Amino acid sequence: MASQAQKASVPQMKFVAPPSYANAEEERAHKLQRLALAFRVFAKLGFDEGVAGHLTLRDPIDTDCFWVNPFGVPFAHMTVSDLLKVDHQGNIVGGGRPDLQLYNRAAFAIHSRIHMARPDVHAACHSHSIHGKAFSTLGRNISIITQDTCALYKNCNLYPNFGGIVLDDEEGDNIARHLGDGKALILQNHGILTCGETIEEATGWFIGLERACQAELLARAAGEPILISDEEAEFTKKTTGTAQGVWFWAQPYFTVMDRESKGEYKE
């Protein structure tokens, strides 16, 4: 085990920085494309399930509004033209196709309260992914047992309650409160939720948490996992658990879907 002095002298990993924009309109256009592409990433990884699941993006111009998927559109087919702009009162104020002006009420109940409670959160992801859903039934937080899960050290919280399908603001407030200032939340008997400064970061956290749930389920089925110490977890998190680091970590997934879709998501 390296000493603190030795760790301090280790060169820091460098990442490509997120893009900058000439104006807010350019920023909105690019971020909506990335949101549409994120749905296709979720579909590619098998995180979609029927009509369940929702990803949101705070509008960079009208910051009291967010963009969300219309109810019932397959994640694998999502395009920019499908996305709905919703205000914090639940009104659809822009976007979408004329025959698809409908969103999942649970998306509003959860995401509106998170966006209101956390001005730093510009994107949030929730779906009923199989390993996150299975792990959530244990009513416990993840254990830091692999290098990858170190990114989630003190970044993931637990909501130890199931209040049925989330349709009211009070339950949304409960979820936002248990998320706290974290990046990820395990919803007992429900699934997982993540957030970030960008949709790429939020997607990266979701993939990481889903894989952490899968790894721990496998490990505990085989025996008792060895925990990583707080010191080593904290040291690793400083490299792998930053907003820029997770944004960069998620880029290959977006690149693959961009090429496979041949730009269709931009429509």
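## How α3 and α5 pack

Helix axes here are lines fitted to C-alpha atoms over the stretch in contact, and angles between their N-to-C directions run from 0 to 180 degrees. With that in hand, take helix α3 (residues 105-117) and helix α5 (residues 169-179) in this predicted model: their axes sit 8 Å apart and meet at an angle of about 45°. That makes α3 oblique to α5, since roughly parallel would call for an angle under 35 degrees and roughly perpendicular for 65 to 115. As for handedness, the crossing of α3 past α5 is right-handed.

## Who touches whom

On the α3 side, the contact is made by R105, F108, A109, I110, R113, I114 and A117. Their partners in α5 are D169, G172, D173, I175, A176 and L179. Sort the residues of this contact by type and you get 8 nonpolar, 1 polar and 4 charged.

## The chain as a whole

What radius of gyration would a compact globule of 267 residues have? Near 18 Å, and the chain has 18 Å, so the two agree. Burial comes out at 49% of the 267 residues, where buried means under 20% relative accessible area.

Finally, a word on contact range. Take the contacts between residues at least 6 apart in sequence: 67% of them join residues at least 24 apart.

Definitions and conventions. Residues numbered from 1 in each chain as written. Predicted model: local features only at pLDDT ≥ 70, side-chain atom pairs only at ≥ 80, totals over all residues. Heavy atoms only, no water. Helix = DSSP H or I, 4+ residues; strand = E, 2+ residues; numbered from the N terminus. Parallel < 35°, antiparallel > 145°, perpendicular 65-115°, else oblique. Left-handed = near helix turned anticlockwise from the far one by under 90°. Contact = heavy atoms within 4.5 Å. Nonpolar A, V, L, I, M, F, W, Y, C, P; charged D, E, K, R; others polar. Rg over C-alpha atoms; globule rule 2.2 N^0.38 Å. Buried < 20%, exposed > 50% of the residue type's maximum accessible area, 1.4 Å probe, protein only.
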